[in-house]
Amino acid sequence: MYRVMYQRNIGNGKELLRRRRAFLFGFVLFVVLSFFSIVFITKTVTAEREMDRAKKITSVQIKKGDTLWSIAKSYISDEYNDIDDYIDEIKTSNGLSSDTIHAGNYIIVPYYTDASK
């Protein structure tokens with residue numbers, strides 16, 4: 001029987017040492033970059049609400065000079081992306097198709113507060 005042996009020609013000892021160093025350098029570089037990507041790229045939330053928030057409504061009497069924008073500005077909270085979205089919700093809650101409101105009338109204004117209140 002013939003036995004065939006395969007050998008990989010890796011050259012002399014210096015070549016082997018160079019390859020090992022290159023592998024070690026690549027591995028260390030990979031570990032360091034992974035660490036920095038986890039530390040600096042990962043977005044962390046630092047502020048958390050201690051309490052749950054509840055959505056409530058209130059009735060507001062419109063005064064002379066009030067606008068939907070001024071009323072919304074008084075009641076808006078972090079739950080709304082922007083004041084225009086909040087004004088749209090106020091309009092929907094009151095069945096309004098325009099931004100026109102009249103002094104003396106009442107409108108319903110949704111707002112958020114801590115659930116324990």
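**Entry 1: helix 1**

I began with arginine 18 and glutamate 15, which both lie in helix 1 (residues 13-41), 3 residues apart, about one turn of the helix. Helices here are DSSP runs of H or I with at least four residues, strands are runs of E with at least two, and both are numbered from the N terminus. The model is predicted, so I kept its limits in view: local features need pLDDT of at least 70, side-chain atom pairs count only at pLDDT 80 or more, and totals for chains, interfaces and linings use all residues. Residues are numbered from 1 along each chain as its sequence is written, and side-chain values use heavy atoms, with hydrogens and water left out.

I looked up the pairing next. Arginine 18 forms a salt bridge with glutamate 15, with the closest N and O atoms 2.7 Å apart. The rule asks for a side-chain nitrogen of Lys or Arg within 4 Å of a carboxyl oxygen of Asp or Glu. Glutamate 15 also bridges to arginine 19, at 3.3 Å between the closest N and O atoms. That pair is 4 residues apart in helix 1, about one helical turn. I noted Glu15, Arg18 and Arg19 as a network of salt bridges.

Glutamate 15 is partly exposed at 24% relative accessibility, and arginine 19 is partly exposed at 38%. The classes are buried under 20% relative accessible area, exposed over 50%, and partly exposed in between (1.4 Å probe, protein chains only).

**Entry 2: a bridge between elements**

I counted 6 salt bridges by this rule. One of them joins lysine 55 to glutamate 89, the closest N and O atoms being 2.4 Å apart. Lysine 55 sits in strand 1 (residues 53-61) and glutamate 89 in helix 3, so the pair ties together parts 34 residues apart in sequence. Lysine 55 is partly exposed, at 45% relative accessibility.

**Entry 3: overall layout**

I listed 3 helices and 2 strands. From the N terminus they run α-β-α-α-β. Of the 117 residues, 15% count as buried.

**Entry 4: the core**

I then took the largest nonpolar core, which has 13 residues. Such a core is a set of buried Ala, Val, Leu, Ile, Met, Phe, Trp, Tyr and Cys residues joined through side-chain atoms within 4.5 Å. Helix 2 (68-75), helix 3 (83-94) and strand 2 (106-114) each give two or more residues to this core. Helix 3 supplies the largest share, 4 residues.

Beyond its neighbours within four places in sequence, isoleucine 107 contacts residues including Val60, Leu68, Ile71 and Ile90. Contact means heavy atoms within 4.5 Å.
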